Amino acid sequence: MRKDVRILLVGEPKVGKTSLIMSLVSEEFPNVVPYRAEEITIPADVTPERVPTHIVDYSEAEQTDEQLYQEISKASVICIVYSVNDKKSTEKVTSHWIPLINERIDKDSRVPLILVGNKSDLVEHSSMETVLPIMNKYTEIETCVECSAKNLKNISELFYYAQKAVLHPTGPLYCPEQKEMRSACVQALTRIFKVSDLDNDGILNDYELTLFQRTCFNTPLAPQALEDVKNVVRKNLTDGVRDNGLTLKGFLFLHSLFIQRGRHETTWAVLRRFGYDDDLELHQDLLFSQLKIPPDCTTELNHNAYLFLQSVFDKHDKDRDCALSPEELMDLFDVFPYIPWGLDVNNTVCTNDQGWITYQGYLSQWTLTTYLDVQRCLEYLGYLGYSIIAEQESETSAITLTRDKKIDLQKKQTQRNVFRCNVFGGMGSGKSGFLQAFLGRNLMRQRTIREEHKSYYAISTAHVYGQEKYLLLHEVFADFDFLSETDLACDIVCLIYDVSNPCSFESCARIFKQYFLDSKTPCMLISAKSDLPETKQQYCMTPLEFCRKHKMPPPQSFTCNTAAAPSKDIFIKLTTMAMYPHARLRCMCTCNRCTFCLCQNFLNSELVQTVRTKIYTVIFSRHITHADLKSSTFWLRASIGATVCAVLGFAMYRALLRSR
Ligand code: GDP
Ligand code: MG
């Protein structure tokens, strides 16, 4: 919001500029006035718009041209005063004052002008006929007003209009020549409509309208007022109201009506609440809220943000197939100024058989953006109207900053939900196949991926002891002589070699020795392409010996050349290792026969998952309402449920380790 408003009065001598100011201040007509009134400042709390306002007089007798020009350049609004009973003073408005002002001010600074016809007490007729053509010719003229300093007519109105012209200019909203809203304004209002249309049915129903009213004006809308609004639209427009709700057309009509009736402060209030600045662009600080991320901390979305994103998904998944078709996705991004996701996203997260992003994939992509580029995530949340719809102070309240990893390691436990696994390996060793397998795609399916849609990330969920965690796989580019800090910073390292290529293991061993020999990050060796005949690796020891020597778990066989979706076991193991880097997971085999494997499979089995869901349903079942979702006891119950599951899972795991 602007800091203060500076109103300058100019015009021919004796038109009554000084008298107008004195009349406003003393509320009576002064018979004798000086040439020029002192600058006065009206404190914020006595002005209608609550902004400090300065009123500045001009007198040709007392000021030089240079001083006048200076005042013009400082003004935020200029009132050109003429006297309604003095034709010459009116002519001077166009022949002298407007050109002079236009020469002195920057076109872009958009200083509004107001035409003020003073001494209306002296004439019977109105000067509007002369003034309207002038207004039509110069769009910088915001409005005109006739007043009288003598009988105090329209004096406070005049200064109110001047204030309003600065704070709520019509220029960006409305094109007076075309007599319609400008396209930027229509665009902004359309976005606001879409964000406020919570069920995305193209209609603002009573519930949505009430919420909208409360968001923008902080006061509830009386039921009668709601009906009145709809009736006005009904009367003027055939399809402005549908199913007793306001359509986009009706919503836009209502705003053009506000503007035409000089109530554009209403439209501005709506625009500003939704983050638009005077140029109708989204506020930079809304989109680029600064969040400082200390080293060794990561960023995750909190529960509230997931709930919001879930509602956004739901409102766009019109056919309820739990996936977003290209059209549905475009509709979702309609409130963005650009399409944020490229086609690589489809190969970064889970999709359905048609290649459309599933609900799970959608949340994964948000998790990824939050983790890798939190600034961008905040920007996207801003476009979706998160802070407004979820009634949060700012977009940053969607973010959880995780605890320093060093503390996690010290305390041997973590509250993180996202774990990063960097994947290394020589060219063609099967890294991409490994990433895609995590998204449930076998080799056949992977062959359909176009080169330009390839992704170096894959993110999805993995269940570890009954808890759902995100595992983020990142394929590190194969130039291993120059690895940066970020290439190395992760929760777990995967080294992949190709069992069918005799030279493949050597590069894994080299990377390990060069970068991870003394590192605290756990490492896992993957023997990829295990469906192919294994050849002896050209290295001084076998991969198994290498793992033993460096206290790594034994190499894990892996193939994505499967008939169905590749197994997820390895990814669960990786997530487990990332979560508990201390725990000595002695058994890292994939035998599926030993107690560890059986138990791990059991914990992740459908039976346990169903039981878990049942427990949740029992806890949650008692009619979840909106109020319920907000109540703290509800979340207490929910988190106790989750904790019980986690503790049970962990206890089983501990018992197992001990028994071995
Ligand atoms: P300025 O030179 O533009 O500042 O004009 P002044 O305020 O000095 O006014 C010039 C003359 O017009 C004075 O004699 C005022 O009393 C008179 N005057 C100002 N406003 C009005 C008005 O609204 N009605 C009438 N009848 N006289 C006015
Ligand atoms: Mg004067």
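**The ligand site and the strands**

Modeller: A polar side-chain atom of Asp121 is 2.8 Å from a nitrogen atom of ligand 1. This is a predicted model, so every distance here is computed from predicted positions. For Ser19, the distance from a side-chain N or O atom to a ligand oxygen is 2.6 Å. For Lys119, the corresponding distance is 3.0 Å. On its own, ligand 1 would expose 570 Å², and the protein buries 83% of that area.

The shell around ligand 1 has 17 residues, and the closest include Lys14, Thr18 and Ala149. By type, the shell splits into six nonpolar, five polar and six charged residues. Helix H1, which covers residues 17-26, supplies the largest share of the shell, with three residues.

Next comes the metal. The magnesium ion, ligand 2, is coordinated by OG1 of Thr18 and by O of Tyr35, at 2.1 Å. Thr18 belongs to helix H1, while Tyr35 is in the loop between H1 and strand E2, so the pair ties together parts that are 17 residues apart in sequence. Are these two residues buried or exposed? Thr18 has a relative accessibility of 8% and counts as buried, because the limit for buried is under 20%. Tyr35 has a relative accessible area of 53% and is exposed, because the limit for exposed is over 50%.

Seven of the seven residues of strand E4 (77-83) are buried, so the strand is largely enclosed by the rest of the structure. In a regular strand, side chains alternate between the two faces of the sheet. In E4, Val77, Cys79, Val81 and Ser83 are on one side, with Ile78, Ile80 and Tyr82 on the other, and both sets are buried.

E4 has parallel pairings with two strands. With strand E1 (residues 5-11), the pairing runs over five bridges, and Gly11 has Val81 as its bridge partner in E4. With strand E5 (residues 113-118), E4 pairs over six bridges, and Cys79 has Ile114 as its bridge partner in E5.

An antiparallel case is the open sheet of three strands in the order E9-E11-E10. Strands E9 and E10 stand at the edges with a single partner strand each, so one side of each has no neighbour in the sheet. E10 pairs with E11 over two bridges, and the partner of Val241 in E11 is Leu246.

Conventions
Residues numbered from 1 in each chain as written. Chains lettered and ligands numbered in written order. Predicted model: local features only at pLDDT ≥ 70, side-chain atom pairs only at ≥ 80, totals over all residues. Heavy atoms only, no water. Near = heavy atom within 4 Å. Polar contact = N/O pair within 3.5 Å; in protein donor to acceptor, adjacent residues only side chain to side chain. Areas by Shrake-Rupley, 256 points an atom, 1.4 Å probe, with all protein chains shown as cover. Helix = DSSP H or I, 4+ residues; strand = E, 2+ residues; numbered from the N terminus. Nonpolar A, V, L, I, M, F, W, Y, C, P; charged D, E, K, R; others polar. Donors = N, O, S within 2.8 Å, 3.2 Å for Na, K, Ca; no water. Buried < 20%, exposed > 50% of the residue type's maximum accessible area, 1.4 Å probe, protein only. Pairing = 2+ DSSP bridges.
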